[in-house]
Amino acid sequence: GKDCLDLSNLDKQEIFELVALAESYEKGQKPKALKKDVKVANLFFENSTRTVTSFQMAEHNLGLSRFDLNLAASSVKKGETLSDTLKTVESIGMDIAVVRHSEDAWFNTVKQEGVKLALVNAGDGAGVHPSQTMLDLLTIKQEFGKFDGLNVLMVGDLSHSRVVNSDAHVFKKLGMGLTFAGPKEWWNEDLNNYGRYVELDEGIKDADVVMCLRVQNERLDDKEASSFSVDDYVSHYRVDEARAKLMKDSAIFMHPGPVNRGIEIESKLVDGPRSRIFKQMKNGVFARMALLTKVLQANDWMED
Ligand code: CP
């Protein structure tokens, strides 16, 4: 469609095409010509380093005109709603808005409220994170050359993670086997649709990809925050050198970032030979170029 909000409604072939396009950008392919001067507004209502910077780089590489809103100094601070903020940038002439916001499925609300410009979801609350899923797929494809039959273990905050929601659906569709480990109180029943809960020290032996998830202190409610113990988490769920010894020789670590070094994963492993964490960040540029290309072509703003 004209937006990029959630990858879960794409079929396998469409996902493969997106991965192939991201791979071709990674190999240096130049983008197709634009049919007009396309203006993109970046609105990040939640903090970001990777996603915002790699969208900016992707927009630059595609030749788009880029407008980065400083929301801390914007009229959002005077109480303007997300829909009115988007209608404002649309009125001023923006064609696309790349938005990260804490409300789950914020895009449904703004569409109901009449926002018309093309929307790209850079993360909605505990909803989904489609551009993260694309860069995760690109990283896995580069490493293993395939998806079907790989085992992915996701470790940590399974209940608040938009990365888990987003990745689990698409990974299963592509034939990857999923297991999940982490504090039982953060187990999310919906994940039974995609894989099973395992003990970390068991699951880690079969995994091709060990994906650590950030402990999201900002999304814990008061009860969760008061019962959370860093020491318990570290002893049961941190991926450390002893646990890494249980892994297959070919297995890799991933983490969407930002990493709480020493909590989800031992710090030296972040920089070690099995880590693809910084590769994921690099791939974020190519993955976002691919997603933006689809939006540009769907709106007839770029040659097919
Ligand atoms: N992985 C990710 O979304 O990182 P940022 O929050 O820094 O964008």
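**View 1. The buried face of helix α5.** The buried residues of α5 are Pro130, Ser131, Gln132, Thr133, Met134, Leu135, Asp136, Leu137, Leu138, Thr139 and Ile140, where a residue is called buried if 20 or more other C-beta atoms lie within 10 Å of its own, exposed if 12 or fewer, and partly exposed in between, with C-beta atoms placed from the backbone. This is a predicted model, in which local features need pLDDT of at least 70 and side-chain atom pairs count only at pLDDT 80 or more, whereas totals for chains, interfaces and linings use all residues. Residues are numbered from 1 along each chain as its sequence is written. Helices (H or I, at least four residues) and strands (E, at least two) are DSSP runs, numbered from the N terminus. Because 11 of the 15 residues of α5 are buried, the helix is largely enclosed by the rest of the structure. After α5 comes glycine 145, which has a positive phi near 75°.

**View 2. Glutamine 132 and proline 258, two annotated positions.** A UniProt "binding site" annotation, from an unreviewed entry, covers Arg50, Thr51, Arg100, His129, Gln132, Gly257 and Pro258; UniProt positions are given in the numbering used here, feature names are shortened, and annotations may be inferred rather than shown by experiment. Glutamine 132 is found in helix α5 (residues 130–144) and is buried, with 23 other C-beta atoms within 10 Å. Leaving aside neighbours within four places in sequence, glutamine 132 is in contact with Val163, Ser166 and Pro256, contact being defined as C-beta atoms, placed from the backbone, that lie within 7 Å. Proline 258, by contrast, lies in the loop between β9 (252–254) and α11 (267–270), and counts as exposed with 11 C-beta neighbours inside 10 Å. With neighbours within four places in sequence again set aside, proline 258 is in contact with Thr49 and Arg214.

View 3. Arginine 162 belongs to helix α6 (residues 162–173) and, with 22 C-beta neighbours inside 10 Å, counts as buried. Beyond neighbours within four places in sequence, the contacts of arginine 162 are with Gly123, Asp124, Gly125, Ala126, Gly127, Val128 and His129.

**View 4. Strand β8 between its pairing partners β5 and β9.** Strand β5 (residues 151–155) and β8 pair in the parallel sense over 4 bridges, two strands being paired if DSSP finds at least two bridges between them. Strands β8 and β9 likewise pair in the parallel sense, over 3 bridges. Valine 209 of β8 is the bridge partner of valine 152, and valine 209 also stands opposite isoleucine 252 in β9. From strand β8 (residues 209–212), Val209 and Met211 point one way and Val210 and Cys212 the other way, and all are buried.

**View 5. The crossover from β1 to β2.** Strand β1 (residues 39–44) and strand β2 (residues 65–68) pair in the parallel sense over 4 bridges. Between these strands the chain passes through helix α2 (residues 50–61), and this β-α-β crossover is right-handed, which is to say that, with the strands pointing away from the viewer, the path from the first strand over the helix to the second runs clockwise. Lysine 39 stands opposite serine 65 in β2.

View 6. The chain contains 12 helices and 9 strands, and 42% of its 304 residues count as buried. Its radius of gyration is 19 Å, which agrees with the value near 19 Å for a compact globule of 304 residues; this radius is taken over C-alpha atoms, and the globule rule is 2.2 Å times the number of residues to the power 0.38. For residues 148–293, UniProt lists "domain: Aspartate/ornithine carbamoyltransferase Asp/Orn-binding" (unreviewed entry), and over these residues the chain is 40% helix and 14% strand.

Methods: Contact = placed C-beta atoms within 7 Å.
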